[in-house]
Amino acid sequence: MAEFEPLTTNAHDLQRMLQSGTVTSVQIVERYLEQIHRYNPKLKALVSIAPADNLYRIAKRLDDERREGLLRSPLHGVPIVLKDCFITSSDLGMTTCAGATVFASAKASKNAAIVEMLVRSGLVILAKSNMTEFAGMKTIKMMPGWSPQGGQTISPYTGPILENERLLGHSAPGGSSTGSAVAVAAGFSPLSLGAETIGSIVTPTVRAGLYALKPTVGVQNTTGTYRMTEFYDSPGPMGKCAADILALSELLLGRPLQSSGMGMWDGLRVAFLDPSDWKMDVSMCEQFPGTEEQMREEYAAAIMGMEERGCYVKYPAAIADVSELDIGGKSTGIHISFWDFKHIGLPEFIDAFNECPVTQLEDIVNFNDANRATAMPEPYTEQDLLLRAQGFADSPEEINAMKEELRAKGRSILDEVFERDNVGLIGAPGDSPLCVHAAAAGYPHATVPLGQLRHNGRPFGLNVVARQNNEDILMRFMTAYERQAYPRPLPSL
């Protein structure tokens, strides 16, 4: 078996090892499978693991191609884990359920467009990661990272979720892409792919001490991918270092992201929001003695370090509250989410299968009622959000008008800061609602690790937003930040 530490080894390290011949893809797969089988039963980060024979056969073929001088991409022969929302063809030996039991028997002859690109690029798809069922569109009470398919994903840093914990409390692992984040942090894979509606990449990655990117909404081919909405959703990479996010992002976006000054602060201009105002509401995350103070202190210290190294910083910067995104006195985003789920996201997901036991939302509701023991087990025995989605009958014209107005509103709020403060980036604590503005605008944003709570060992981080299609500047920030940052925290498995 290959000798490397899966908790610390990243994809960039594996590339060097493969190039030097000190390890093969077969050996890499063997090492990660050992880690998975040892720790996944406790962490429940993965919900469907590819058969070992399939993985070894794929890895051997990629090793043979490497010996013949054929490299499909810079990530040739490197493993990856995919969120359970990306359809994989049945011959890869994994299910795709978006967390829902009803899809356990569904079969597909084709990979999702993104999955097919990864396969053609020579990545080895190890497993599907656990996710919040339907990305949360099941019941309002559901803890992020839970599904009837995989149970409750838990943090490798804090252990089991505390009793009566709030949805994003300090022992909670994060948003719907929690399994993808925990899989990388726990050493099950050097890379993973998540997807975000609002905060589904941000929250789990900052709580797993990772780097991540949610690209501009709408620029990737999401055929064969479950999306709660077309308006908010975008797939994105998670990894242990900026170089890994860069390599995978270039594949996902189909263009190079290197730019002059990569890794240097000179020329970067960032407006940072006040953590006293930009933090999670107490209803989502209760603070304990010292937790809020520690996060503020380390946030301010990181900003000072950037400024000392040549980054232009505006701190604290002002920005309109998320309540300004409400239009006409109602939460437009809720209408959009329910309508898109019912009329776009769910139907497109169902249609991507060759064989599927359901054809519409009503079938899923009926299946859940008829199979409560497996589809709605304790502690989440309700499907109130699915029932609510059934009743969303706004006309397409009404929804499109809402989308246009909300997109314009989100962009105007962020653009005001970009222009007023003459900056290219807006930053805030990872535990903040800045991702709501980014989602409304459809703008890309990234996360980087910052520190680790003395309270319980839970990591925390930063969230940074750029304008549309400006992933390049986010990568510049990420690589420069990594050079000044402390090493990312490691879990004690």
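The following exercises, with worked solutions, concern a predicted model of a protein chain.

**Exercise 1.** Determine whether the radius of gyration of the protein chain agrees with that of a compact globule.

*Solution.* The chain has 493 residues, for which a compact globule would have a radius of gyration near 23 Å. The value for the protein chain is 21 Å, which agrees. The C-alpha atoms fill a box of roughly 55 × 55 × 40 Å along the principal axes. Of the 493 residues, 61% count as buried.

**Exercise 2.** Classify the ring pair formed by Phe231 and Tyr232.

*Solution.* A pair of aromatic rings is described by the distance of the centres and the angle of the planes. The search of the whole structure finds 17 aromatic pairs. For Phe231 and Tyr232, the ring centres lie 4.8 Å apart and the planes stand at 80°. Ring centres must lie within 6.5 Å to pair, and planes over 60 degrees apart count as edge-to-face. The pair is therefore edge-to-face. Both Phe231 and Tyr232 are buried.

**Exercise 3.** Classify the ring pair of Phe477 and Tyr481, locate the two residues in the chain, and decide whether Phe477 is buried or exposed.

*Solution.* The ring centres of Phe477 and Tyr481 are 6.0 Å apart, with 20° between the planes. Planes under 30 degrees apart count as stacked, and the pair of Phe477 and Tyr481 is stacked. Both residues belong to helix α15 (residues 471-484), where they are four residues apart, about one turn of the helix. Buried means under 20% relative accessible area. Phe477 has 1% relative accessibility and therefore counts as buried. Tyr481, with a relative accessible area of 2%, is buried.

How values were computed
Residues numbered from 1 in each chain as written. Predicted model: local features only at pLDDT ≥ 70, side-chain atom pairs only at ≥ 80, totals over all residues. Heavy atoms only, no water. Rg over C-alpha atoms; globule rule 2.2 N^0.38 Å. Buried < 20%, exposed > 50% of the residue type's maximum accessible area, 1.4 Å probe, protein only.
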